Every structure is written in C-alpha cells, then in structure tokens.
Amino acid sequence: MSVEGKVVITCAITGAIHTPTMSPYLPITPDQIAAEAIAAAEAGAAVLHLHARDPETGKPDQTPEAFARFLPRIKQNTNAAINITTGGSPYMKVEERVRPAAHFKPEVASLNMGSINFGLYHLVDKYKEWKFDWEKQHLEATRDLVFRNSFKDIEYILETCYDNGTRFEFECYDIAHLYNLAHFADRGLVKAPFFVQSVFGLLGGIGTHPEDVMHMKRTADRLFGNNYRWSVLGAGAAQLRIASMSAAMGGNIRVGLEDSLWAGKGILAKSNAEQVTLARKIIEGLGKQVATPDEAREILSLKGGDQVNF
C-alpha cells in the first residue's frame, strides 16, 4: 500500500515546559505517561515523543532510570515508534540530556538545531498559587536563559547516537536552524531523509503567523529539496491552526500536552488522545489519511521497533 500523501501524527506526551499547576491533566508519573502514550497511539499517533518527570514533584528528570519506568510498558502495548528527547530541559547540560537516547537506542530521538533565548517567564502572571515550590522559579528564571545547543553540542549528540541506528527529529525553532542542519548535511554527519520538526510560537523562536510557516517551508524546500520530511508544532493556542496549514501543504503534524495544554479556546485538553483526535479530524477533513506506525517507519526511514534497547 502506498504511503504517498499519508500524514504522520507525532504526539509529545509531557515535555519539560508546562508545570503541574498549569493543568491537572499533564501526565507526571510513569503510570500516567504510559497510559497517555498508549491512548494517544490508539487515537492515531504513529510516533510518541517522550520526556520523563519526577513522579513526586513533576520536575523534568532526564535519568535513564526515569525513562525505564514507562518505556517497556509503552512498547508492549502499542506499535507506535518511540522518540526520546535529547532536549530534556534547557537547564540541563548536553551530557545529561543525551543519556536516555544513548542508552535505549530508540527509533527516533529529538535534536535541537540551535541555541535560542527560551522565554517562559511571561506565563508566571497567569497563576496565583502553585502546586510545587520549584515551578514559579523555573519559569521566572527563563528571563535570563539561553537554551544552549551549540555546534559542539549537536556534534556530541550525533556522535553519541550515531551507531545506534537512531534517526533524528530535527527541531528547528527558527530559520537559522534549517541552515545549521544543512551545514551538518554538507559535512556528511546526518543522512537523508531529514525529519524536520518546525517549532512555531515559543518566545525566542519564530512566530506563528502564516507567513512564518510559509517561510519555514520555502526555506526547507530550497535547502533540502525532496530529501526531507516536514512536520510542524504550534505552541499553545496556535497548535491546531498551524497543524492545519502543514497538513494542507503536504506536511506532517505534532500535537500533545508538551506543546499545548488546550483543546479549543479556554478549554483544557483532558488528554493527549483528545488532541490527536482533533488532528486526525483535520487530516481526514482535508481528504487525507493518517499514517499507521509502520507507514510512518517507511516515510521516515526508521529501523523498526525490534531494534531498540528496551
């Protein structure tokens, strides 16, 4: 069966941006992360993008031990391709961030393609009370935070995971990040087809205007031609609007509570699966089909779920 025109839905289950105060539905414990991931896959997500958290406080946790608490369960209960973050949290060093992907050898790992100012401090004023002491400080500190992803850092992640057969979700928060990816392609350090995840709407990165989306796509087309697979994520309220643009332009979609807590104006999404279902409606409403996990593997040239270390 042809995979031509099939749309890959990635679901980013929890991330490291949103804090427990922001939504009661944000998965924190291993049980919650596993259940949310499995339900998202059942709703139509072909790729599951995973972070881990401390089950007591909800803080980001990038130890392999934290991932080991849910990875086998997700693999046993779904055929979806598993994508492990190397972004972790902006406060972590690259050596810490890469450890889970290096250890578990997943089919996909995320890789941020450049440094940016990473602002979340504007969210602080929305909340009067906090569930945990760390949350407000975590957000406020981003007023003076550069999310470091230097050329040396990117080389380190590529070299650490190079022999594992892991493919990368190249997260591009701005136009320059596409040029950074082209630089690594010219050096032969990354292999086509490139899975380019364009990130729109994080303070410090490119915006969410339709022209921003078009500019990102035009630039990627010019740099990579047919040698890449394009996907988008829109932060916050822009999630489904930008997803619609991508699907209409032949691209793929990422949703999930890592990227947005919403399922409509002022409506908190009760689950990741709810957002996947909304994305699926957009895709099918355009007369397109959602890719199955195995079709996504073919589209993204993945190694297969039998070749991971969990």
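Trainee: Helices (H or I, at least four residues) and strands (E, at least two) are DSSP runs, numbered from the N terminus; where is proline 193 placed?

Mentor: Proline 193 is in the loop between helix H7 (175-186) and strand E9 (194-200). This is a predicted model, in which local features need pLDDT of at least 70 and side-chain atom pairs count only at pLDDT 80 or more, while totals for chains, interfaces and linings use all residues. Residues are numbered from 1 along each chain as its sequence is written, and side-chain values use heavy atoms, without hydrogens and water.

Trainee: What kind of peptide bond joins alanine 192 and proline 193?

Mentor: The bond is cis, with omega about 0°. Most peptide bonds are trans.

Trainee: Is lysine 105 buried, exposed or partly exposed, and what is its relative accessible area?

Mentor: Lysine 105 is partly exposed, at 30%. Buried means under 20%, exposed over 50% and partly exposed in between, with a 1.4 Å probe and protein chains only. Serine 301 is also partly exposed, with a relative accessible area of 36%.

Trainee: Changing topic: how do the axes of H7 and helix H8 (residues 210-224) cross?

Mentor: They come within 10 Å and cross at roughly 15°. Axes are lines fitted to C-alpha atoms, for helices over the stretch in contact, and angles run from 0 to 180 degrees between N-to-C directions. H7 and H8 are therefore roughly parallel (angles under 35 degrees).

Trainee: Which residues of H7 and H8 meet?

Mentor: In contact (heavy atoms within 4.5 Å), Ile175, Leu178, Tyr179, Leu181 and Ala182 of H7 meet residues of H8, including His215, Met216 and Leu223.

Trainee: What do the eight strands form, and in which order?

Mentor: They close into a barrel with parallel pairing, in the order E2-E3-E4-E5-E8-E9-E10-E11. Two strands pair if DSSP finds at least two bridges between them. The twist averages 25° from one strand to the next.

Trainee: How many bridges join strand E2 (residues 9-12) to strand E3 (residues 47-50)?

Mentor: Three, and the two strands run parallel. Alanine 12 stands opposite histidine 49 in E3.

Conventions. Angles under 35 degrees count as roughly parallel, over 145 as roughly antiparallel, 65 to 115 as roughly perpendicular and the rest as oblique.
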